[in-house]
Amino acid sequence: MKKYLRFSIYSGVTVILIVLWTRMVFKENLSHQILLKTAEISVAKETESEYKPMAEKDIQYYLRKARRRNEERQLRVKQICEKYNLGIYRDHNTSSLINHPKTPLYKVFLINTTSKISWCPVEHGAFETWLFYFGLLSGYTEQELGSALDLQDFIRQKHPAREAYEIEEALQTTLKFMVVSHPFERILSLYKESKNSAQRTKSNLTQNQVQSKRDQAHTINSRDKAMKDKSLEKHSTEFDFQHQKASFQDFISYILDTEFDSTLGSMTRLTPYYLLCTPCLLKYQIIAELETMMEDQIYIVKAADLQHVSKTPWRSASQVKPYSSHTGEEKKKYFSQISKTNIYRLFEKYKLDFELFNYDFEVYLDWAS
């Protein structure tokens, strides 16, 4: 009898548990469906209560850290430029072994004279964030910026071309900053983003559009050959990201075979910082790094008095984390495909950037095949 009662109790409890579990699963599924239906609305209607402003003591703490780090970066840039006898640090009685531009690439800069801030925009280093900032400073609304197909071209429409002397004057009277990242991470990001973008573009093209683009390319190539313009020929061959077998090894080989110079051609996205932003020719007030971007962004916004533009940097201290665009495993996956010889060659290609901004490449040698 006792065994029967015990069995009945266990059975009853089991049934109750099954019923409760079924109801819970049903509620979870229902909640999940509701969340899916309202996700877009929830994102669009982010409330002020969800935003956690950073305490003033935290802001001051990160500002002190960023300021100290920035002074160290400025000093290092000066020392490396002096070491290689470059730019404004050059001793004209001594020759330089590095091919270096004599003047900055003025037209690459985005300058807002009203807010007195200048930026050397390089893709990858918080690029979209600061494009958005400059868009707001230029008078665009967030809606306009959000709907722009090419954000940089869209923003530059409000920054008409100026004469070199005008840009030089503006650079002397504004706060200049640049954002850098590890050269190899920059290369990997460009490969992945461009590959994905090219594949999406290719899948969206109709056969007629593909043929039209081929015809246009043929016309352009014929014209270039007729012109025999060496400066154009140097940049005439783009890496074919749309090719299905365009591997990372192919991309690295392409970079190694490309001659960088101080002209603005199709390779701008891969041009080393020392050629593109010329830190040996300009004294940047702030040199930010992607790895410490949140703290550095707070410093830039505070130094340029841009708190009114966006509240993005002013989040709670718990949200300030080191940033890296790729995990160690992801970097290892790609760079383990590259030989040690080519890792060394790639380092030599970006050697000055490595030295200027104190990056190393030892771990990439460990990963190399």
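User: In which hand do H3 and H12 cross, left-handed or right-handed?

Analyst: A crossing is left-handed if the near helix is turned anticlockwise from the far one by less than a right angle, and right-handed if clockwise. H3 and H12 make a right-handed crossing. This is a predicted model: local features need pLDDT of at least 70, side-chain atom pairs count only at pLDDT 80 or more, and totals for chains, interfaces and linings use all residues. Residues are numbered from 1 along each chain as its sequence is written, and side-chain values use heavy atoms, with hydrogens and water left out.

User: At what angle do the axes of H3 and H12 cross?

Analyst: Helices (H or I, at least four residues) and strands (E, at least two) are DSSP runs, numbered from the N terminus. Axes are lines fitted to C-alpha atoms, for helices over the stretch in contact, and angles run from 0 to 180 degrees between N-to-C directions. Helix H3 (residues 127-137) and helix H12 (residues 293-303) have axes that come within 12 Å and cross at roughly 20°. H3 is therefore roughly parallel to H12. The classes are: under 35 degrees roughly parallel, over 145 roughly antiparallel, 65 to 115 roughly perpendicular, the rest oblique.

User: Which residues of H3 and H12 meet?

Analyst: Contact means heavy atoms within 4.5 Å. From H3 come Thr-129, Trp-130 and Tyr-133; from H12 come Met-293, Gln-297, Ile-300 and Val-301.

User: How do H10 and H14 cross, left-handed or right-handed?

Analyst: Their crossing is left-handed. The axes of H10 and helix H14 (residues 340-349) come within 10 Å and cross at roughly 45°. H10 is therefore oblique to H14. On H10, Ile-252, Ile-255 and Leu-256 make the contact; on H14, Asn-342, Arg-345, Leu-346 and Lys-349 do.

User: What is the order of strands in the open sheet?

Analyst: Two strands pair if DSSP finds at least two bridges between them. The order is S1-S2-S3-S4, an open sheet of four strands with mixed pairing. Strand S1 (110-112) and S4 are the edges, each pairing on one side only. Neighbouring strands are turned by 20° against each other on average, direction ignored.

User: Which sense does each pair of strands take, and over how many bridges?

Analyst: S1 and S2 pair antiparallel over three bridges. Asn-112 has Ile-117 as its bridge partner in S2. Strand S2 (residues 117-120) pairs with S3 in the parallel sense over four bridges. There, Trp-119 stands opposite Phe-177 in S3. Strand S3 (residues 175-180) and S4 run parallel, joined by four bridges. Val-179 has Ala-288 as its partner in S4, and Val-180 has Glu-289.

User: Which helices lie on these strands?

Analyst: Helix H6 (residues 164-172) packs on the sheet and touches S1, S2 and S3; its direction makes about 65° with that of S1. H12 lies across S2, S3 and S4, at about 155° to S4.

User: How many residues of S3 are buried?

Analyst: Buried means under 20% relative accessible area, exposed over 50%, partly exposed in between (1.4 Å probe, protein chains only). Six of the six residues of S3 are buried, so S3 is largely enclosed by the rest of the structure. Leu-175, Phe-177 and Val-179 point one way; Lys-176, Met-178 and Val-180 point the other. Strand S4 (residues 286-289) is covered on both faces too: Ile-286 and Ala-288 are buried on one side, Ile-287 and Glu-289 on the other.

User: Which residues have the most contacts inside the largest nonpolar core?

Analyst: A nonpolar core is a set of buried Ala, Val, Leu, Ile, Met, Phe, Trp, Tyr and Cys residues joined through side-chain atoms within 4.5 Å. In the largest, of 57 residues, they are Phe-184, Ile-187, Phe-248 and Phe-335. Helix H10 (residues 248-256) gives the most to this core, with six residues. Apart from it lies another core of 34 residues, including Leu-110, Phe-127, Phe-177 and Val-179.

User: What should I look for in phi?

Analyst: Most residues other than glycine have a negative phi. Thr-278 has a positive phi of about 45°. Thr-278 sits in the loop between helix H11 (273-276) and S4 and counts as buried, at 0% relative accessibility. Asp-305 also has a positive phi, near 55°. Asp-305 is in the loop between H12 and helix H13 (328-335). At 53% relative accessibility, Asp-305 counts as exposed.
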